[in-house]
Amino acid sequence: SGRSGTSLSVVGPANIGTKRLLVLGMGKLDEKSAGDGFAKLGAGLVARLKSLRVAKAVVVLDGPEFNPEAIAGLVAGMRLRHYEFDKYKSKKPDDDTPQPPDKLGVTLVVGEKRATDKAIANRDAVTEGTLLARTLSNEPANVLGPAEFATIANRLADHGLEVEVFDDDRLAELGMGALLSVAQGSARPARLVVLEWRGAKKSSAPVAFIGKGVCFDSGGISIKPAGGMGEMKGDMGGAAAVVGLMKSFALRKAKLNAVGVIGLVENMPDGKATRPGDIVTSMSGQTIEVDNTDAEGRLVLADALWYTEDRFKPRFMIDLATLTGAVMVALSHVHAGLFTPDDGLADQIEKAGIASGETVWRLPLNPAYDKMINSRFADMKNSGGRWGGASTAAQFLKRFVRDVAWAHIDVAGTAFGAPSTDINRSWGSGYGVALLDRLARDNFEGK
């Protein structure tokens, strides 16, 4: 029928000199869904080849719809679907069922080789960033703590990024009392990593991306229930996306200046841990009553946001964070939650979400939420309670932004543990890399 997702496998057609012929249905692609559709087509191709236990294939891309950009999308879908995180599996399946080959070699037959090679390389930079973010999220917390994460980020200097790593002594000098309060119950010290990409004139103000990097979140003294706590190794999904995004900019030589800042901590219960009721002083000078030690990500972001604006004076700041369970109650795993007072920036992010397939849904900020985080003893408290939790968290972050356009993207439902899709079978999805790369491409490069 040719419908999307359908296929026909023919064994042994002698007249074409191959052992098997596979025909895939494309369906109808409209202009809005074409990019995502070609990625899904590539993902479907890989899935079918793996099910047939094929090690090598030649793919003929014939027809006017297979322009270089479309083929680049198809290749991205192939790589994203083929990704597996199995480095810690030492045993193969016990039964005698034949397994797919570890590697799959695909030769593409195309019409415009030079233009297609260029398009694939450009798109592959984003894929590389997404795969890096996936791997960081998938790593167990005993392997990937704040120092180890910072070491991996520091290696991106090999791709042309300028990287600085601040230890906890330097963070104390900067006055980052909010961020450090989260880390003080852990034996593993905090880190802050600054990554810079310079792809435009020095006088061009950078765009800035800030990531929450809680490498493991036990909840601290306000400890989480045991069930599902192991998934909190992924509470650094925002930082993983920022690092993947900065790698993408470097690989494709993006024509803009960009800054990535990630705050890396581990939140653990200990005799030295922050207690509920403690009051800490942020880099901004504002004081925070820690009402709940499991509302820790916003403390990390508060200092990272203030530092980023103070030092870099960016054109805008966007933070990504696996911040609240409340956003999952509202949006499930379908969209990330978007919060911003800037209608123009909101529109740009929403359009980039549709184009990239990493969609967002705008949720409200409101002065009424500010009242819910007012504290009797400090300038604010870090939790507004159960109701409107995603919005009160965003309203908290807004207090650490001054004179720059800003957006907060809550990726708690999309960065890890989301249901499998056509292009992702990984627990850690790498959500955010493609979204923010598309935002930059469409609105800020060369401007």
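**Ground rules**

I am working with a predicted model, where local features need pLDDT of at least 70, side-chain atom pairs count only at pLDDT 80 or more, and totals for chains, interfaces and linings use all residues. Residues are numbered from 1 along each chain as its sequence is written, and side-chain values use heavy atoms, with hydrogens and water left out.

**Entry 1: largest pocket**

I began with the largest pocket, which holds about 1300 Å³ of space. A pocket here is an open set of points on a 1 Å grid over the protein atoms alone, with protein on both sides within 12 Å along at least five of seven lines. Grid points are joined across faces, edges and corners, and a volume is the space filled by probe spheres set on the points. Lining residues have an atom within 4 Å of a point.

I found 45 lining residues, with Asp36, Ser356, Gly357, Glu358 and Ile423 closest to the centre. I then looked up the elements; helices (H or I, at least four residues) and strands (E, at least two) are DSSP runs, numbered from the N terminus. Those giving two or more residues to this lining are α1 (34-51), α2 (68-82), α3 (113-138), α10 (343-356) and α13 (433-443). Helix α3 gives the most, with nine residues.

By class, I read 17 nonpolar, 15 polar and 13 charged residues in this lining. Nonpolar covers Ala, Val, Leu, Ile, Met, Phe, Trp, Tyr, Cys and Pro; charged covers Asp, Glu, Lys and Arg; the others, Gly among them, are polar.

**Entry 2: second largest pocket**

The second largest pocket has a volume of about 810 Å³. I see 37 residues lining it, and Arg298, Leu323, Thr324, Gly325 and Ala326 lie nearest its centre. Two or more lining residues come from each of β7 (207-217), α8 (297-312), α9 (326-331) and α12 (389-398). The classes are 14 nonpolar, 14 polar and nine charged.

**Entry 3: cavity**

Next I checked for cavities, sets of points where a 1.4 Å probe fits but cannot get out. The structure holds one of 30 Å³ or more. The volume of the largest cavity is about 80 Å³. Its lining has 13 residues, and Ser181, Val182, Asn267, Thr274 and Thr293 are closest to the centre. I count five nonpolar, seven polar and one charged residue there.

**Entry 4: Ser426**

I found Ser426 in the loop between β15 (405-410) and α13. Is Ser426 buried or exposed? Ser426 has a relative accessible area of 9%, so I log it as buried (under 20%; exposed is over 50%, partly exposed in between; 1.4 Å probe, protein chains only). Beyond four places in sequence, Ser426 touches Tyr83, Arg134 and Asn138 (contact: heavy atoms within 4.5 Å). Its side chain also makes a polar contact with the side chain of Asn138, at 3.0 Å. Such a contact is a pair of N or O atoms within 3.5 Å; within protein, one must be able to donate a hydrogen and the other to accept it, and residues adjacent in sequence count only if both atoms are side-chain atoms.

**Entry 5: strand β15**

In β15, five of six residues are buried. Strands pair if DSSP finds at least two bridges between them. I see β11 (residues 316-321) pair with β15 in the parallel sense over six bridges, with Asp319 partnering His408. Strand β12 (residues 336-339) runs antiparallel to β15, joined by three bridges. There, Gly337 stands opposite Asp410.

**Entry 6: Phe377**

Phe377 is in the loop between α11 (367-372) and β14 (380-381). I log Phe377 as exposed, with a relative accessible area of 61%. Leaving aside neighbours within four places in sequence, Phe377 is in contact with Ile279 and Glu289.
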